[in-house]
Amino acid sequence: MKINIISILAPLASAAILAGCAKTAPEYSWATDPDAVVVNASVSPLTRSNPLGDEDAQKKFNIGDRIEIWQSSTNERFAYVLGENGWSPADNGKYMVWPKNGDVFDAEYQKSASSKFVSDQHTLDGLASADYMKSGNSSFDKPGDNQLNLQLKRQFSLVTVKIVGYDDQYNKEKDKISDLKIHLTGRFSDPAEAVSPYVLDDQGKEPDSAAEGTIGWTYSAIGTSPKDNADGSVFIEFMIAGRKETVTGIPTLEAGKKYTFKLNVGKRALDSGDITVSGWGSTVDLIDGGGEQDVDA
């Protein structure tokens, strides 16, 4: 799976490098401190800001994106925000410096997802804010060029429900789909929540009303499956012709993959032919040969 690489660069300094501490002295600021770590986040090949974007869109960070990095020697978190002139500390008086003998770091992107699962994903910003990426604790010796490379991995999956047909029970011309929810969670140990997904119509555009769903519409959400995902658990629910329909049995989702569930309205279950999986935003799909492929039953 392709992953982001965040490069953290510290400028060469003539002054001595302090060992594992955050500079807060009033005579310094991040912009003038010769020991300050300068964050230069490169994309290889995707970011979390544009989860449904094409390859070019996923190679870009967006203004306002936030990275939080935990540093072992200080036992503190340092936030960096992308502005017009690059990455800078969210708090100019709190920033990282390289300790003398190396350190342990843990980086996170979209920290909001780690503290509270985002269940309202009906806007593109809401969908992006639900995503979560983490490097895990990594130990680094202080390199000669002061460069630190952290590899962050996706912790969640992208789930898309696509309406592909109607059974005889409903009329595709007059029976429209509304209030579709996908049940996911932010932690394997937590129960699933009803997520309001991001909706696109059959032209790939945001509809004027999400209550007019029909063939070709897609509903996308980000999360993971709960530990208790037995057959009786509701996975997809929606309203149609005054009735609530449900699909039960939340599948086991693998982090960093994109799942598409092809739903026939009126059909109460999904089988292996209704599900495809592919790499999520990768330049090369996880499946050999690229493209989408049916999941084993």
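Reader: So what does I182 touch, leaving out residues up to four places away in sequence?
Author: I182 touches V159, V161, E193, A194, V195, P197, Y219, A221 and F235. Contact here means heavy atoms within 4.5 Å. Keep in mind that this is a predicted model, where local features need pLDDT of at least 70 and side-chain atom pairs count only at pLDDT 80 or more, while totals for chains, interfaces and linings use all residues. Residues are numbered from 1 along each chain as its sequence is written, and side-chain values use heavy atoms, with hydrogens and water left out.

Reader: Fine. Which residues have the most contacts inside the largest nonpolar core?
Author: I177, I182, L184 and Y219 do, in a core of 28 residues. A nonpolar core is a set of buried Ala, Val, Leu, Ile, Met, Phe, Trp, Tyr and Cys residues joined through side-chain atoms within 4.5 Å. Buried means under 20% relative accessible area, exposed over 50%, and partly exposed in between, with a 1.4 Å probe and protein chains only.

Reader: Which strands each supply at least two residues of it?
Author: β10 (157-166), β11 (177-184), β14 (218-223), β15 (234-240), β17 (257-265) and β18 (275-279). Strands (E, at least two residues) and helices (H or I, at least four) are DSSP runs, numbered from the N terminus.

Reader: And what's in the second core?
Author: That one is separate and has 18 residues, including W30, A107, Y109 and M133.

Reader: Zooming out, how many helices and strands are there in the chain?
Author: 2 helices and 19 strands. Buried residues make up 46% of the 297 residues. Of the contacts with a separation of 6 or more, 62% are between residues 24 or more positions apart.

Reader: Switching to rings. How many aromatic pairs does the structure hold?
Author: 6 aromatic pairs. Rings of Phe, Tyr and Trp (its six-membered ring) pair if their centres lie within 6.5 Å; planes under 30 degrees apart count as stacked, over 60 as edge-to-face and the rest as tilted. One of them is F105 with F140, a tilted pair at 6.3 Å centre to centre and 55° between the planes.

Reader: Where do F105 and F140 sit in the chain?
Author: F105 is in strand β6 and F140 in strand β8 (residues 138-140), so this pair links distant parts of the chain, 35 residues apart. F105 is buried at 3% relative accessible area, whereas F140 counts as partly exposed at 21%. Ring pairs also link W98 with F105 and F140 into a cluster.

Reader: What about F117 and F156, what sort of pair do they form?
Author: An edge-to-face one, 6.4 Å centre to centre with 90° between the planes. F117 lies in the loop between α1 (112-115) and α2 (124-130), and F156 in the loop between β9 (147-154) and β10, so the pair ties together parts 39 residues apart in sequence. F117 is buried at 11%, and F156 is buried at 3%.

Reader: OK, charges. How many salt bridges are there?
Author: The count comes to 8, where a salt bridge is a side-chain nitrogen of Lys or Arg within 4 Å of a carboxyl oxygen of Asp or Glu. E76 forms one with K94, with the closest N and O atoms 3.3 Å apart. E76 is in strand β4 (residues 76-83) and K94 in the loop between β5 (86-89) and β6 (103-109), 18 residues apart.

Reader: What else does the charged end of K94 do?
Author: The charged end of K94 sits over the ring of F78, 5.8 Å from its centre. For that, NZ of Lys or CZ of Arg has to be within 6 Å of the ring centre and within 35 degrees of the ring normal.

Reader: Last one: how do β4 and β5 run, and how many bridges join them?
Author: They run antiparallel, joined by 4 bridges; two strands pair if DSSP finds at least two bridges between them. The two form a hairpin with 2 residues between them, and V81 stands opposite S88 in β5.
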